[in-house]
Amino acid sequence: MPSFRVIVSVGRLHPGVDPRSLEPAAADVARELAVVEASSVDVVAGEARLTVRFTEDTELSAVRVAEHTVAHLYTLADLGGWRLTERVGGRWFRRA
């Protein structure tokens with residue numbers, strides 16, 4: 001089954017949101033629609049990036065999972081851009 005990642009740039013958290021809750025919340029929301037393989041928060045070039053890796057059958061269903069996850073994150077924080085990538089062989093390719 002193909003492996004996908006939704007990668008989201010995270011800005012300011014909304015009032016009352018615990019920073020430690022963001023990653024597990026994103027993984028839990030993605031888990032509502034897909035099997036979550038891993039999640040992480042990284043700082044790249046001074047920007048927080050949240051990544052949720054999951055499996056899905058098709059690119060279309062993976063886009064649905066990514067959009068569902070991002071929609072929930074908008075309720076918790078100001079977001080920058082997001083992207084969806086798929087692992088093919090040993091490389092990641094952008095899908096959305």
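Strands β2 and β3 pair in the antiparallel sense, with nine bridges between them; two strands count as paired if DSSP finds at least two bridges between them. The model is predicted, so local features need pLDDT of at least 70 and side-chain atom pairs count only at pLDDT 80 or more, while totals for chains, interfaces and linings use all residues. Residues are numbered from 1 along each chain as its sequence is written, and side-chain values use heavy atoms, without hydrogens and water. Helices (H or I, at least four residues) and strands (E, at least two) are DSSP runs, numbered from the N terminus.

The open sheet has five strands in the order β2-β3-β1-β4-β5, with antiparallel pairing. β2 (35–44) and β5 (91–94) each have a single partner strand, so one side of each is left without a neighbour in the sheet.

Helix α2 (residues 59–73) packs on this sheet and touches β1, β3 and β4 (77–88); contact means heavy atoms within 4.5 Å.

A search of the whole structure finds one aromatic pair. F4 and F54 are stacked, at 6.0 Å centre to centre and 25 degrees between the planes. Rings of Phe, Tyr and Trp (its six-membered ring) pair if their centres lie within 6.5 Å; planes under 30 degrees apart count as stacked, over 60 as edge-to-face and the rest as tilted. The pair links distant parts of the chain, since F4 is in strand β1 (residues 3–13) and F54 in strand β3 (residues 47–55), 50 residues apart. In β3, F54 stands opposite V36.

Key. Axes fitted to C-alpha atoms, helices over the stretch in contact; angles between N-to-C directions.
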